[in-house]
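Reader: I am new to this structure and would like to go through it with you. Could you take my questions one at a time?

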Number of protein chains: 2
Amino acid sequence: MRLTAHTDYALRIMLHAAMAGDDPDHLLGITAVADAHGISRNNAMKVVNELAKAGLLETVRGRHGGFRLARPADSIALGEIVRLTEPCLNLADCENCILQGQCGLTAILKRALRAFLAELDQQTLAQAAETTRLPADFLSF
Amino acid sequence: MRLTAHTDYALRIMLHAAMAGDDPDHLLGITAVADAHGISRNNAMKVVNELAKAGLLETVRGRHGGFRLARPADSIALGEIVRLTEPCLNLADCENCILQGQCGLTAILKRALRAFLAELDQQTLAQAAETTRLPADFLSF
């Protein structure tokens, strides 16, 4: 069972932004962050744009532009990020199943998924950042 | 977020076996079950063998061979099946992450995963079978 790469990138980018602190003058560059995580610039851009559209990141255009958290890290639940980037959250390929709509597993898997997300709703980005140790040069760009 | 196809198949095959009831003379044929679910015979065989090795299915070889549940459906938790078929359960690709071993997200994702599995541990295969409605010809082979 795995989160999509899209969600994985979103979590990393949000964590990165949280680690950068709340100095409003400090912007992270998309290319630098993408490089640090081995994500293509194109994919990083898509994720940053989606997070910005949802009000989680703030972006500044231009030569010295970049992004930062749009809200304090302790007000952002990890569940909020995962729900945003995994809109389908279908644990199984029910669409191609002959039991579709008549399967007792569907409701049970949905309950398990709710338990998973409820746990992530209890944890904030600030809590994740608190227990993260960065490589020395991680925020130097 | 999605379970692997391997787990998806295992859940369907176990549900199918549970629906077949507990008549010890009634064996399900692998080819028929694989066809019913649109799974290749090879994949179905792999899953049945793994489930049999773990003591969840009983297989009978030979021309009139097949498989059936090895234990009552109400003694098999869905969590047991998922833990068996998803041994890794790494929600994110941490191996290729520069924060590996120092990332606050890892412990949080593990807690969420535990909540997910705890919910599946509460639900038995019998409960899933009770609320499943089969197409008319589903067990006629």
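Reader: At what angle do α4(B) and α5(B) pack?

Author: This is a predicted model. In it, α4(B) and α5(B) pack at an angle of about 130°, and their axes are 6 Å apart. That makes α4(B) oblique to α5(B).

Reader: Which residues make that contact?

Author: From α4(B) come B:Leu78, B:Gly79, B:Val82 and B:Arg83, and from α5(B) come B:Leu117, B:Leu120 and B:Asp121. Sorted by class, the contact of α4(B) with α5(B) has four nonpolar, one polar and two charged residues.

Reader: And where is B:Ala118?

Author: B:Ala118 lies in helix α5 of chain B. B:Ala118 is partly exposed, as there are 14 other C-beta atoms within 10 Å; a residue needs 20 or more to be buried and 12 or fewer to be exposed.

Reader: How far apart are B:Ala118 and B:Gly104 in space?

Author: They are 22 Å apart, C-alpha to C-alpha, with a separation of 14 residues in sequence.

Reader: Let us turn to chain A. How many helices and strands are there in chain A?

Author: Chain A has six helices and two strands. Their order from the N terminus on is α-α-α-β-β-α-α-α. The C-alpha trace of chain A spans about 55 × 30 × 25 Å along its principal axes.

Reader: What share of chain A do buried residues make up?

Author: Of the 141 residues in chain A, 40% are buried. As for contacts in chain A with a separation of 6 or more, 68% of them are accounted for by residues 24 or more positions apart.

Reader: How do α1 and α3 of chain A pack?

Author: Helix α1 (residues 5-19) of chain A and helix α3 (residues 41-53) of chain A pack at an angle of about 70°, with axes 10 Å apart. α1(A) and α3(A) are therefore roughly perpendicular to each other. On the α1(A) side, the residues are A:His6, A:Tyr9, A:Ala10, A:Ile13 and A:Met14, and these meet A:Asn43, A:Ala44, A:Val47, A:Val48 and A:Leu51 in α3(A). The residues of this contact divide into eight nonpolar, two polar and no charged.

Reader: What should the 18 residues of α5 in chain A span?

Author: At 1.5 Å a residue, helix α5 (residues 104-121) of chain A should span 26 Å, and its end C-alpha atoms are 26 Å apart, which agrees.

Reader: What do the buried residues of α5(A) pack against?

Author: They pack against α4 (78-85) of chain A, together with α1, α4 (78-85), α5 and α6 of chain B. The buried residues of α5(A) include A:Leu105, A:Ile108, A:Leu109, A:Ala112 and A:Phe116.

Reader: Why do the copies meet through the same surface?

Author: The reason is that 100% of the interface residues of chain B are also interface residues in chain A.

How values were computed:
Residues are numbered from 1 along each chain as its sequence is written. Chains are lettered from A and ligands numbered from 1 in the order in which they are written. This is a predicted model: local features need pLDDT of at least 70, side-chain atom pairs count only at pLDDT 80 or more; totals for chains, interfaces and linings use all residues. Two residues are in contact if their C-beta atoms, placed from the backbone, lie within 7 Å. Axes are lines fitted to C-alpha atoms, for helices over the stretch in contact, and angles run from 0 to 180 degrees between N-to-C directions. Helices (H or I, at least four residues) and strands (E, at least two) are DSSP runs, numbered from the N terminus. Angles under 35 degrees count as roughly parallel, over 145 as roughly antiparallel, 65 to 115 as roughly perpendicular and the rest as oblique. Ala, Val, Leu, Ile, Met, Phe, Trp, Tyr, Cys and Pro count as nonpolar, Asp, Glu, Lys and Arg as charged, and the others, Gly among them, as polar. The expected span of a helix is 1.5 Å times one less than its number of residues.
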